[in-house]
Amino acid sequence: MSAARAPRPADATASPDDRRRWQALGVGLVAAFMTLLDVSIVNVAVPSMDRALGASPSDLQWVLSGYALTFGLVLVSAGRFGDARGRRTAFVFGIALFTLASALAGLAPSPAWLIGARLLQGAAAGVVNPQVTGLIQELFQGPERSRPFGLLGATIGISTAVGPLVGGLLIAIGGEEHGWRWVFFVNVPVGIVAVVLGWRLLPGRPAGPANHRRLDLVGVLLLGTGVLLVLLPLVQQEWQSRAKWLLVPAGLLALAAFAAWERWHARRREPLFDLRLFAFRSYALGSLIALVYFGGFTAIFFIFTLYLQDGLGYSALVAGLAITPFALGSAAASALGGRIVNRFGRPLVAVGLLTVVVGLGAVVGVLDLAPAGAVVPWLTAAPLLVAGLGSGLVIAPNQTLTLSQVPVPQAGSGAGMLQTGQRIGSAAGIAAVGSVFFSALAGSDGDYSVAFRHSLLLAAAVIALALVAALVDVTLGHRH
């Protein structure tokens, strides 16, 4: 079935199988939205948590970064498990665990309890997300994957951008004292429904001899150790000792050992991750683009929230509303990008990256020219909309192109490795951009406007590096 004739989920002419696969995709997208939303929704709830639980700065850092840490740790292993044992089993287990962890976080009586629940919640999110991408690879073929990947890209972009808005709304409704608990409780009813529908609609375990589908435990250990050592100093900004950066080269050595082991292990049995996927230029350069882009993309919301709330005194709700134009632009462009990516290929991604850089540069420009007392959320709305439109042409199309040549039996682990790169990029970007923000803040006697502009320019420069990688891919594609 061609992409142009792929039926819509609500299409009355669709066959039962077509309706079922779109329904399965819908469940997956809801789960992906819920788990990715929790990456950013908690940021605006930190002041309320601090007052309610008496948490230290180190505790709050773990609440924020512990989720991303365990999320990144399990992605590839969970994706491989779904490839081997069936995506339905992994998906339902992950959503059930995520729902339980969300309830535990909302009931937290102490900072230690909340940190433990967030670590568990992040690991559960890492189990769920590779199954969604693998599900698209399994249920849709060739060009018709573009629309589902477009919807997934919109989900990723919107969930990341609207997290502060949703968090601000829930805190406004629940009150300053207990509103932060509803940030977690809101996941519970959605999670229960997703568990039931996921078990009914998602495909079960694939056929094949079980002895050829054993998980590579040595690979799991080496990859987990490498990712942990690389991520830990990036997400733990409270650690002041410079010795923490020694963990990064140690992590890279562990990842090199993982690569050597996987190459050897692949001669005997199925590896945790098939390194031959990097022989596909689409996968190798697409993974690099995703890693670098998320390094700049995720950091934008971190520093913008700090600027609006701590620097200008806006409420959590207003800060969330200020980011909404980016989310709206991303949603609109993702839907379009998913439909046209097969026609334009990687040049579409390059255009999107350039648009994001231009939009962020325009944000800096309007702030430089703004008169004293100007309403910043109104000034930044139009350039953020432009940046969001560009982002929508990056995430979904790049994901479609990156995974286009990945065989279905490796879809989960391939998607897991792609998303692991995104998590590492996000952590590194927030660490680097955040460091520039706070350094500029200290060097300008607490001028948040200066700190925001400097750090936003760095985020734009990081995204420009992703643009260079996209242009390299375009150039190589023309030569071949």
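**Chatting through a predicted model**

Visitor: What does A52 count as, at 36% relative accessibility?
Guide: A52 counts as partly exposed, because its 36% relative accessibility falls between the 20% limit for buried and the 50% limit for exposed. Keep in mind that this is a predicted model.

Visitor: Where does A52 lie?
Guide: A52 lies in helix α2.

Visitor: And which residues is A52 in contact with, leaving aside its neighbours within four places in sequence?
Guide: Leaving those neighbours aside, A52 is in contact with E177 and W180.

Visitor: How far apart are A52 and F273 in space?
Guide: The C-alpha atoms of A52 and F273 are 43 Å apart, and the two residues are separated by 221 residues in sequence.

Visitor: OK, on to R181. Which helix is it found in?
Guide: R181 is found in helix α6, which covers residues 146–185.

Visitor: Is R181 buried or exposed?
Guide: Buried. R181 has 17% relative accessibility, so it comes in under the 20% cut-off.

Visitor: What does R181 touch, not counting residues up to four places away in sequence?
Guide: With those left out, R181 touches L53, G106, L107 and A108.

Visitor: Let's do salt bridges. How many does the structure hold?
Guide: There are nine salt bridges in the structure. One of them pairs the side chains of R21 and E144, with 3.3 Å from N to O. That pair links distant parts of the chain, with R21 in helix α1 and E144 in the loop between α5 (111–139) and α6, 123 residues apart.

Visitor: Are R21 and E144 buried or exposed?
Guide: R21 counts as buried because its relative accessibility is 11%. E144 also counts as buried, at 5% relative accessibility.

Visitor: What does D274 form a salt bridge with?
Guide: D274 forms a salt bridge with R276, and the closest N and O atoms are 2.9 Å apart. D274 is buried, with a relative accessible area of 12%, whereas R276 is exposed, with a relative accessible area of 62%.

Visitor: And D473, which residue does it pair with in a salt bridge?
Guide: D473 pairs with R346, with the closest N and O atoms 2.5 Å apart. This pair links distant parts of the chain too: D473 sits in helix α16 (residues 448–479) and R346 in helix α12 (residues 346–369), 127 residues apart. Both D473 and R346 are buried.

Visitor: Switching to the greasy side: how many residues does the largest nonpolar core have?
Guide: The largest nonpolar core has 130 residues, and M49, F91, L114, Y293, L353 and F452 are those with the most contacts inside it. Helix α10 (residues 281–311) gives the most to this core, with 15 residues.

Visitor: What does Y293 touch, not counting residues up to four places away in sequence?
Guide: Y293 touches L353, V356, S391, V394, I395, I463 and A466.

Visitor: How does the lining of the second largest pocket split by class?
Guide: The lining of the second largest pocket has 17 nonpolar, three polar and no charged residues.

Terms used
Residues numbered from 1 in each chain as written. Predicted model: local features only at pLDDT ≥ 70, side-chain atom pairs only at ≥ 80, totals over all residues. Heavy atoms only, no water. Core = buried A, V, L, I, M, F, W, Y, C linked by side-chain atoms within 4.5 Å. Buried < 20%, exposed > 50% of the residue type's maximum accessible area, 1.4 Å probe, protein only. Helix = DSSP H or I, 4+ residues; strand = E, 2+ residues; numbered from the N terminus. Contact = heavy atoms within 4.5 Å. Nonpolar A, V, L, I, M, F, W, Y, C, P; charged D, E, K, R; others polar. Salt bridge = Lys/Arg side-chain N within 4 Å of Asp/Glu carboxyl O.
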